[in-house]
Amino acid sequence: MIDRGNQDWRLMSRPTLNFVDGTPRSVDFDDDYYSPTNGLAESSYVYIEGGEIVPRIKALKAGQTLTIAELGVGTALNLALLLQAWSLFAPPDAHCHYIGIEKYPLRRAQLAQVNAQWEALGEINEVIMSRWPAPIPGCHRRNSLLPGFSVDFWWGDATDVLSDLLSYQQTWIDVWFLDGFSPARNESMWGAAVIDRLMPISNPEAIVTTFTAAGHVRRALEHNGFSVTKRTGFGGKRECMTATRSSHPPLKAARFDTDWDQPKHCASPKNCLVIGAGLAGSHIARKLAEAGCTVTVIERNSLASGGSSQPQGVIYTRPSHKHGKLADFSLAAYCLSTDHHQQLFSHQQLCEGVDGEMSGYIQLRDADKLTLLISAFADEDSPVKFVTPDEASRISGIPLDRGGMYFPDSGWLNPAGVCRSLINHPKITLVEGVGAVKPRQLDSGLWAAENQKGQTIAAGDTVILTTAWQATDSTELDFLPLQPIRGQTTQLSSNGVLARMRCTVCHDGYTPPARSGEHCIGATYGLNETTLEERADDHRLNLSQLASNIPSLKGALSETGALSETGALSETGALSETGALDKQRLKGIAAVRCATSDYLPIAGPVPDKIAFNRTFEGLRHDRKRHIDAQQPNIEGLWVFTGLGSRGLTSAPILSEMLVSMMFQRPPPLPRYLMQAVSPARFLRRNLIKGE
C-alpha cells in the first residue's frame with residue numbers, strides 16, 4: 001500500500017525524448033514508444049485486436065462496465081484507440097473504465113508533439129490533452145472523456161500502484177495492456193513484483209495482451225494462473241502474446257494491513273436517502289443517480305441553506321513542500337474539482353458569471369516563504385505557478401504589493417448554483433422544509449428518514465448523512481469530533497479599482513471578482529459558534545483584512561462608505577448614529593461550517609462502535625498489529641461531512657470515493673487517503689491511545 005509519510009514533495013519525473021525519423025524514442029530507456037514502421041497499426045493489432053476490445057464493447061448491456069488497465073500509458077496511443085472504438089461501438093448506457101499507470105508521464109507539450117502525426121485521432125487526442133493531469137503522484141480521475149468513458153490516470157511506480165489496488169482484495173480488471181518498454185531495457189516493469197499482482201485483481205475471463213513474447217514474461221504469467229497463447233508479432237517481430245485467466249479463483253496475496261477502513265457489509269444501493277442538501281448532499285446525490293440509484297434528498301430548510309449559502313466561494317488548495325495526508329488530499333481534491341467544474345461550464349450545466357468563473361486565484365505570500373515550494377513544484381504543467389508582484393497585478397487586474405502562488409485552473413463558484421445544477425436529474429427528488437430529520441433502521445433492513453414528530457419522510461435501503469456538525473445528533477455518530485465554525489462574509493459593490501478584478505485574490509480571507517455587481521468578501525472564523533445574525537465587528541474584520549492585504553483597494557472601499565480614507569471602518573457609512581449596523585450600506589451572510597479535529601473531511605461507512613472496538617482491541621497494545629478482519633459497520637448507513645470551508649474543493653472527489661466504495665469499483669484515491677477521511681479513523685485512534 002502506498003504510504004508517502006513525511007517525504008519531501010516531488011512532482012513526477014518527466015521523460016526525455018528524441019525523435020528518430022519521426023518516431024519518439026525514450027532517452028532514459030533507449031527504446032521506441034511504438035513501432036517505427038507504423039505505431040498506429042501496431043497498437044491496433046496488439047492491443048485493440050489482441051484484447052478483443054470491439055467484441056467486448058459490443059457485448060456490454062446497459063449498466064455494465066468494461067474495465068481496462070494499462071501498464072505504461074506512454075503517448076496515450078492505446079487510450080486514443082480505445083476511445084475511438086468506444087465512439088463507434090458503445091451500446092447505450094454502458095460504461096468503460098480505463099486505468100492507466102505511468103511512472104514518467106509526458107508533458108502536455110510532448111503529448112501534442114508525439115501525437116500530431118495521427119490525423120485520424122486528432123479530435124480524440126485533443127480531448128485527452130485537455131484532460132491530461134498535472135504531474136502529481138497518485139490517482140487522477142477524469143470522467144466522461146466520451147459519454148460513458150472514464151479514466152483513472154495513476155501517476156506512480158507500477159508495483160506501488162498495483163499493490164495499492166491489491167490491498168482492497170477485490171477483482172476489477174477485464175483486460176490488461178502490458179505496454180512498458182522492452183523487458184530487456186525496463187526490467188522492473190516486467191518482473192515478478194508486477195506480474196504477480198495481475199491475477200488477484202482480474203475478473204473471470206480477463207485477458208492480458210502485450211507486444212512481447214519474452215520467455216520470462218510468459219513463464220511469470222503461467223506461474224500466476226494465466227493460459228498463454230502466442231500470436232504472430234507485428235512488423236518485424238516474430239511473436240507477441242495474449243493470456244487468459246484460468247477458471248480457478250484468483251491467487252490471494254499475503255495480507256499485511258488491517259482492513260479497519262473497509263466495510264464488512266456493503267451491498268450496492270438502489271434507493272438512497274440523502275439527508276442534507278448542501279454541497280456534500282448535492283454531489284453525492286448526483287453521483288448516486290448517475291450510478292442508477294433512485295435518490296431522495298431531504299433538507300430541513302432549503303437547498304444550499306446551510307454552510308453552502310454564501311454567494312461566492314473558491315476552489316482552494318494549500319500545497320506543502322512535505323507529503324502529508326492533509327496536504328496530499330487537499331491537492332488531489334483540488335485537481336479533480338477544477339477538472340469537474342471546468343466540464344460543467346463547458347457543457348453549459350453551469351452559467352458563466354452567474355454560477356461562477358474558472359478565472360483562477362492568487363494566494364498572496366511573501367517571497368521568502370516560497371523557496372521550498374518553488375523547488376517542489378517546478379514543472380511547466382504544475383497546477384501552481386509562482387508570480388512576482390508585477391505578474392500578480394497583471395493577472396488579477398488590480399495593483400498588488402506582493403506576489404505569491406497563482407492557480408490558473410481554479411475559480412470562484414456560487415454554491416447554490418452548483419447545488420441546483422447537481423440535483424437537476426430525473427432520478428433525484430428534493431424534499432425541503434421538513435425540519436430536523438434523523439435516520440432510523442427498520443426491521444426489514446431498510447432505513448427511514450423521520451422528522452421530530454416520528455413521521456416517516458421517505459424510506460430507502462441506504463442513508464447518507466450530510467448534515468454538517470449536526471450529524472452527531474444521531475447516536476451512531478456521536479463519536480465524531482465535529483466542530484461548528486461560524487463564518488460571516490461582507491458584500492461590497494463593485495466600484496473603482498475593485499471593479500477591475502479579473503481573478504480571486506486570497507490572503508487572510510478571499511476576494512473574488514464581482515457576481516451581479518457585488519463581491520463576496522470573507523470570511524470570519526468563529527469556532528464553536530452557531531449564531532447567524534450579522535455582526536458589525538465581523539464586517540469590520542473582513543474589510544480591515546482586505547485593506548491591509550490589498551492596499552490599492554483602500555480608495556475603492558472608502559468610495560463605498562465602508563472605510564474612511566485612513567482605512568478605518570467608516571461609522572458614517574457602515575454604522576448608524578447609534579453604532580448599530582446600517583444594513584442599507586453594509587450587508588453580508590453568516591453561515592455555519594463544519595470541521596474536524598484533524599481538519600480532514602469525513603466520508604465513508606459508519607462503523608458499529610461497540611463491534612469495532614471489540615474487533616480491533618489488539619490495536620491498543622500494538623498499533624501495527626495485523627488483525628484479519630474488516631470493519632464492522634452499520635449496513636446501509638454512511639456519513640459525508642466535515643468539509644470545513646473547502647466544500648467546493650473536496651465534495652467532488654469524496655462523492656466519487658463514496659460511490660466507488662458502495663459499488664465496489666476501483667477507487668479514485670490511494671488507500672492512505674481513503675483511510676485519512678474514514679469516519680472509523682477516530683475510533684482507531686482512540687484504541688491506539690488506550691482511550
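In this predicted model, helix H9 crosses helix H13 in a left-handed sense. H9 spans residues 279-290 and H13 spans residues 415-423; the two pack at an angle of about 25°, with axes 8 Å apart. Because angles under 35 degrees count as roughly parallel, H9 is roughly parallel to H13.

**Contact of H9 with H13**
- On the H9 side, Leu-279, Ser-282, His-283 and Arg-286 take part, and they meet Pro-415, Val-418, Cys-419, Ser-421, Leu-422 and Ile-423 of H13.
- By class, six nonpolar, three polar and one charged residues form this contact.

**Largest cavity**
- The lining of the largest cavity has 11 nonpolar, three polar and four charged residues.

**Second largest cavity**
- The volume of the second largest cavity is about 50 Å³.
- Residues lining this cavity include Asp-261, Gln-262, Met-657, Met-661, Met-674 and Ser-678.
- Strand S12 (259-263), strand S33 (602-607) and helix H17 (647-662) each supply two or more lining residues; S33 supplies the most, with three.
- Six nonpolar, three polar and one charged residues make up the lining of the second largest cavity.

Notes
Residues numbered from 1 in each chain as written. Predicted model: local features only at pLDDT ≥ 70, side-chain atom pairs only at ≥ 80, totals over all residues. Heavy atoms only, no water. Axes fitted to C-alpha atoms, helices over the stretch in contact; angles between N-to-C directions. Helix = DSSP H or I, 4+ residues; strand = E, 2+ residues; numbered from the N terminus. Parallel < 35°, antiparallel > 145°, perpendicular 65-115°, else oblique. Left-handed = near helix turned anticlockwise from the far one by under 90°. Contact = heavy atoms within 4.5 Å. Nonpolar A, V, L, I, M, F, W, Y, C, P; charged D, E, K, R; others polar. 1 Å grid on protein atoms, 1.4 Å probe; cavity = no way out; pocket = protein on both sides within 12 Å on 5 of 7 lines; lining within 4 Å. Points joined across faces, edges and corners; volume = space filled by probe spheres on them.
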